[in-house]
Amino acid sequence: EIEAAHGNNKSTQNNAPHDVLQPNLPTLPPGLLTPQKLPSLPPGLTSPQRQQQQQHQGGIQNNNNMLRAMPVGLGHNTNVLPPGPPPGMPPGMGLPPPQNNTVSQINRPPGMPPPMRPTAAPVATEPMSSLPKPSSSILPAPTPAPVLPPKESKTEPDTTPAVKTPAKPTKQWRIQTRCEEQPGRLFANDMPAASFNLAAASQNKPTSLIARTRSELTARWVLPLPYLRNRAIRRFEELKNAAEESEVTRPPPQNLTIRDALKTLTVGLFRRGAMDNGASSSIVSKEILCADSKDGPDKDYFFNIDQRTDTVFGTVPFYAPRTPGNVVFRLYFEDEPHVTLSCGPCIEVVPNDSDYDSVLRFILSNFKSKKTNGMSSLSALTTVFEMFKPRRTNANFNDAGRMAWGCVCEARKVVEQAAQKFVNQKEEIEERLEAIKIKEELPDLKSLNVSGGDNETKKKEEDENDDTDAKNDAIMKDKFANERKWREMQHAYSSILQAVVSNKYIHLLMKRDLLSTMRLEYELWCPLCDAFAPNPFVKTIFEASKMPGNVSAFPYPAGKDHYQMCRSSKEEMQQTMLGFVPQVDNVGEIARGGKKGRDFFLDLSSAMNEMYTNEYAVSEKVWRRREQVRAAIEQVMSNSREFPPGTKVAVFGSSANGFGSPNSDLDLCLSIPASAADFTNDGKGVEAMTNLASKFTAAGMRDVNTERLTARIPIVKFNVPYNDNGTEILVECDLSLQNPLALLNTSLLRTYATISPMTCVLASIIKRWAKSRDINNPSKHTLSSYGYVLMLTYFLKNARRGDGNPILPNLQWVDPQWAQNPTNPYREIAAKPKSPQTLVAHPTLENYVVNSYFYRQGLEGLQQYCADNNGPSTIGVLLASFFHYFAYTFDYKKHVVSLGNKLVEKEVKAEEDGWSVYKSGLAIEDPFELFYDVAHVVKANNFLHIKKEFALAYSKIANEAQSKRDIITGKELIDMICEPVSQDEGRD
C-alpha cells in the first residue's frame, strides 16, 4: 500500500537544508575519531577528556573540519544551530523528551518546517562549486590510498568498473526489535517510544500518538556517532575485501565523511507489526541523503551533529496514511534492512467524521486497481467498520455509505476470485497426485531388461523412489498452502461482516436492507470450520468453495425463518466437517436453568474434586521420596567435585509447582552460585555434566542418557532406583544445567497453587482432557501442559466475580497492600519494582534482563480471598466456562494469552519481539521471557483441531445439562469429555 503523495523517497518540495563541506584541515571532527584514538563508547556516553573539550567548546560546534547542516526556518538567517542538544533528546543523550501526544501543525522541533512546504534555500558562505574536495574522514589518519596492482587483462584504468556492493545474503528476519536493544532513538511529533515513556505509562496516560488520516507527522531521529563510525569502518572493510577478491583494480574511497556514514540511512513508516524493514514492506520510506548525485545535498533531509552528546540527529516530514490503523516509524539502513536502529511510538491513525468518504473512496480504488491479492484492502475495510463511531449522529454519511457498499461488493468479488482459484488449484493438485499413483501401480517394465547390471538397476530404482518422494512432498506443500490461502481469505471477509454486525453505529453509514443482507450472510460463517455454509436461498454453482453465493438472493426484510434457514445450513456443514453441532449457549444461562442446571454443575464439581483427590493429589509420602532422590543426586554431584562450591540441585516443573501428579517425572537443575556465573559460559559446564553422568552410573543409577548434552540447556536423563518398603521403584529424572527461569516459573505457579487449590483441580481435569484428546504433545506440534496451565491462569485472572473482582489475582501485578487485606475494589501496581533482587540476567541471551518480581509473601489474605470464590458448584461452572471462552470468545487473531496487567495485542508482539502478526492461531506469552511464544510449536491445522476440541468439550457439557433425559453422573461426564481419541478421529 503506497501513498500516492509519498511514492518516491524525495519530493520536489523538500524542506531539507544544504550541508556545506568546509576546507580540509589536518584534525578530525570530535566524535569521529579513529578506533586507535578512542574506543567504542555506549550510546550517549563520552570520555572525560571529550567532556572537558565539549564543555569548553559549548555544544554544537561550527568548526571548519565538520560537515555543517544549516537549518531552515529558525526565524533568522544563520548557518548554525544554537548551542545545546536538539529539543527532546532522550535521557542518556541529552535533555529529557517533552511529554506531548497531540498532533499540531505548530508543534515541531525548532528548525523543522512543515512537511511538503517550499522554502527559500539557505545562504552558503561560499558557492558549492568553489569549495575544495571534502577530506574530513572517519577512518584512521590519512595515508596514501593503497591501489591494487592492475590485472594483466585490465590495461585501461579509465574503463575499470566501479566497485559493486557485495551480493545481499539470503533474507534475514528483522532483529533488534525491542527499543532497549536499539542504538538510536526515534520520536513521532516529539513523543518517544512507549519503552522510554515510563512516566506516562505509570500515570495511565496514553503512550501512543493519535493522528487523523493524512495529517502531518514529523519523525525525529538520533544516532550515536560511535555507532555510525564503527559501522562505516565495517562497511568500508567489506567493500575493500570485495574489491580485492574480485577482478577490480580500483578500491573503495579511502576518505569517508559523515555523509558516507549516513548513506542509505532511512526512516520508514510501517504498519505496526510488519515483519520486515525496507522500502518493499513500508507504506513510505525516505532516505536521509538524496540518492540522486545530480541533486546533491540540496535535497537531503535535515540532519546535524551535536558534539555535546556525541550524536547525529535529524528530522523527516511525513503524512499519516489514508487508511486508519496503527503505524510506526522505523530507522534502518536500506543496505542492511534487517537491523532495526530504532522504533518510534505507536501512531493511531483515526479518521474524523469528514474523512470517511475519502478513506472509503481510497480503499475502493485499491480494490479496483487489482494490484495485489486484496488482503490489505480487506483488512483496511475491516478496520474502518470497527472504528466507525461518529461524533455527531446527525452527520450526513450518504456518500460514505455508497463507498462502503461498493467496497463490500468489491470484497466479495475478491473472495469469489480466490474461491475459483482455490478450486482450480485443488483440481490440479488432485491430478498430479493421481498421476503419481498411476505411475506407482504400473508394472516395473525396466526389471524385464536384463542388459544392465544389478547395481545399476538398483541405483536407478532408488533415484526414482527419491524423486517420487520429493514430488509427493512438493504436492502436499502446495495442497496445504492452497487450503491456507483460501481459509485466510474467507476469514478476512468474515471479519468485515463481523465488524458490521457488531457495530451499533453502522446504521448511520449503511442502509437497512444492505445490513439485513450482511447479517444473514454472517449467520452462515462458522469460525470452527473457518468456512461459510452454502447459501440456502440459491443453488451454488460450485459447491467446493462453500461461499454463500449470489448476494441478491438474500430476502429483505429478513425474518426469523430466514435466519433459521441459514443456521440449518451451517449446522449441516458443521456436522459434515466437525462431526458434531457446536453448542454456543452461555454457561450462565445453562447454570441458571432451574434446579436441574444447579444440580448438574454441583455433581460435576463434586466428581472433579473426588478425582483430583484420588488420582492427582501428591501425598506426603511422594514428597519425601522426591526429596530423598534429590538429596542423593546432590550428594553424587558434590562428591564429583566437578562443579563450583555451593552448587545445589533444585526441583522444578510439575513435580514442584503443584500442578503435577504422583507419577510426574522429576525435573531437576544444577543451580550454580552467582559468584561462579561464568562457569556455564566457557564450556566447563558441559564437560562437568559429561563427567557427572559417568559418576551416576557408578552410583547405581540406570539408563543414563547424555544425548541432549549439546542442547541449548544441557540435559542428562537417567532413572534412580528407590526402595519403597521392599518394592523397587524407578524414578525418572532429567537433570539440566543452570536453568534459573524454570525455577522462577515453578515458584510462580506454586504460589498460584498455594493461594487457590481450586486452580490445581481445574488444571488436572484440563490436562487429562488434553492428553486423552491427543492435543498435549509438543513433539507432534500441539500444546504443552505448561501452555494449558498458562491459558487456565489467564482465564481465571480475567474472569470476574459478582463484585467485579477477578477470580484469581494476578501475582505479578497485584498491589501488595491490597493483597494483605483484600477489599473492594481490586488494585494492581502501575509498574513492577526494579532492583538488584528482582532483575535477573538471562542464562543464555546476552544483555537480556528478566524482571523476576511477583507477590509471594504474606499469602494468608489471598488464600482467604480465593477460598471465598470456591462455592459448591463453582469448579464445574468454571470448567465449562474455560472451554466456552477459548472455543468462542477469545480473539486468537488479535490477542495474545498473557499474564500481563493489560490486554496484549499480536501487533505489539510482532513489533517488539518479531512474532508473526499474520499467525491467526494461538499465541502464549511466557510470564518472564516475554519474547518467547510458548505456543510457537502449534501448527495451523493443529490449532484448528485444538479449537474444535474446546468446542466439542463444551458442547458435551451443555448438551447433557440441557438434555431432557436423565442426567448422567459427574464422573460419567468427565469420562465423556476425556474420551480417548479414536483412530477415525486421528489427524495427519
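N869 counts as buried because its relative accessibility is 9%, where buried means under 20% relative accessible area, exposed over 50% and partly exposed in between, with a 1.4 Å probe and protein chains only. The model is predicted: local features need pLDDT of at least 70 and side-chain atom pairs count only at pLDDT 80 or more, while totals for chains, interfaces and linings use all residues. Residues are numbered from 1 along each chain as its sequence is written, and side-chain values use heavy atoms, with hydrogens and water left out.

N869 lies in the loop that links α19 (860–867) to α20 (874–889); helices (H or I, at least four residues) and strands (E, at least two) are DSSP runs numbered from the N terminus. Apart from neighbours within four places in sequence, N869 is in contact (heavy atoms within 4.5 Å) with R801, P806, I807 and T874.

The chain as a whole contains 23 helices and 23 strands. Of its 988 residues, 50% are buried. Among contacts between residues at least 6 apart in sequence, 73% join residues at least 24 apart.

The bridge partner of A219 in β9 is V316.

The interior can be followed through its nonpolar cores, each a set of buried Ala, Val, Leu, Ile, Met, Phe, Trp, Tyr and Cys residues joined through side-chain atoms within 4.5 Å. The largest has 147 residues, and those with the most contacts inside it include F385, W769, Y788 and F950. Helix α7 (residues 398–441) gives the most to this core, with 12 residues. Leaving aside neighbours within four places in sequence, W769 is in contact with I775, Y788, F883, E949, F950, A953, I977 and C978. A second, separate core of 37 residues includes M191, L223, I258 and V339.

Technical notes
Pairing = 2+ DSSP bridges.
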